[in-house]
Amino acid sequence: LRPFNVITSQTVPNATMSKNAIKSTPLSGKVEWLAKKPRCFKARLRPTTNKKQTPTAAALLIRFFKGIGHDKIDYYIPDRLEEGYGPNVKAMHTIAARGTNVLITVDCGAVAFDALSEAKKLGMDSLVIDHHIGSETLPEAVAVVNPNRLDETTEYRNLAAVGVCFLLVVGLNRALKQRGFFANHSTLPESGVDLMAFLDIV
């Protein structure tokens, strides 16, 4: 499985590229970062609109995190007419005020420079999951997972946002199993989250 590359650095313009990130062991970038403390943060998913692929992508991530026992995950759907597409500075303040410390953008964020810079100032770590063509400069984020980044060489450029999210949770599920996460939690299946059950929304 070689879906796309993952950026791992906070200093994004000079970040280090990790090739074949989902395949590598240990996993890098977003997958590795999330795997370290998968249930110790309050995350807020921010889908960009009510397009079909966007809510399904958010639903997939919510189902996965709840599947690993994470009960502090929420979502924010912007008003398309008033807020437009993608993250905005005002929304970052609204989301931060709710106690969020991890922001996951879904189907948006590739060029949200001002909003994600503001999110960082507000103490939130941002993780971008997108599939839109970006620019040469990346936003301030822990990781940018996007098959259509300009520095990307993957063949999977036609993936919808929900497909990108699915490949992410494949890697995260694998990383958690390798860390012994499921084996150490008696209330969770030792084999990990049943990702086959997610295919109806991918």
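Modeller: In this predicted model, a nonpolar patch is made of residues with over 30% relative accessible area and no salt bridge, whose nonpolar side chains are joined within 5 Å.

Biologist: Which residues make the nonpolar surface patch?

Modeller: Met196, Leu199 and Val202 make the patch, with an area of about 290 Å², and Val202 is found in the segment after α6.

Biologist: Why is Val202 called partly exposed?

Modeller: The relative accessibility of Val202 is 43%, and partly exposed lies between under 20% for buried and over 50% for exposed, so Val202 counts as partly exposed.

Biologist: What makes up the largest nonpolar core?

Modeller: That core has 32 residues, of which Leu60, Leu61, Phe64, Ile68, Ile104 and Leu195 touch the most other members. At least two residues each are supplied by α2 (53–67), β5 (102–106), β6 (125–129) and α6 (161–178), and the largest share, ten residues, comes from α6. Nonpolar side chains tend to be buried together in soluble globular proteins.

Biologist: Which residues does Phe64 touch, not counting those up to four places away in sequence?

Modeller: Phe64 touches Val169, Leu172, Asn173, Leu176, Val193, Leu195 and Phe198.

Biologist: Which residues of helix α5 are buried, and what do they pack against?

Modeller: In α5, residues 113–121, the buried ones are Ala115, Leu116, Ser117, Glu118 and Ala119, and the buried residues of this helix pack against α4 (89–96), β5 and β6. After α5 comes Gly123, with a positive phi near 90°.

Notes:
Residues are numbered from 1 along each chain as its sequence is written. This is a predicted model: local features need pLDDT of at least 70, side-chain atom pairs count only at pLDDT 80 or more; totals for chains, interfaces and linings use all residues. Side-chain values use heavy atoms; hydrogens and water are left out. A nonpolar core is a set of buried Ala, Val, Leu, Ile, Met, Phe, Trp, Tyr and Cys residues joined through side-chain atoms within 4.5 Å. Buried means under 20% relative accessible area, exposed over 50%, partly exposed in between (1.4 Å probe, protein chains only). Helices (H or I, at least four residues) and strands (E, at least two) are DSSP runs, numbered from the N terminus. Contact means heavy atoms within 4.5 Å. Patches are made of residues with over 30% relative accessible area and no salt bridge: like charges are joined within 9 Å, nonpolar side chains (Val, Leu, Ile, Met, Phe, Trp, Tyr) within 5 Å. Accessible areas come from the Shrake-Rupley method with a 1.4 Å probe; for residues, only the protein chains shown count as cover. A salt bridge is a side-chain nitrogen of Lys or Arg within 4 Å of a carboxyl oxygen of Asp or Glu.
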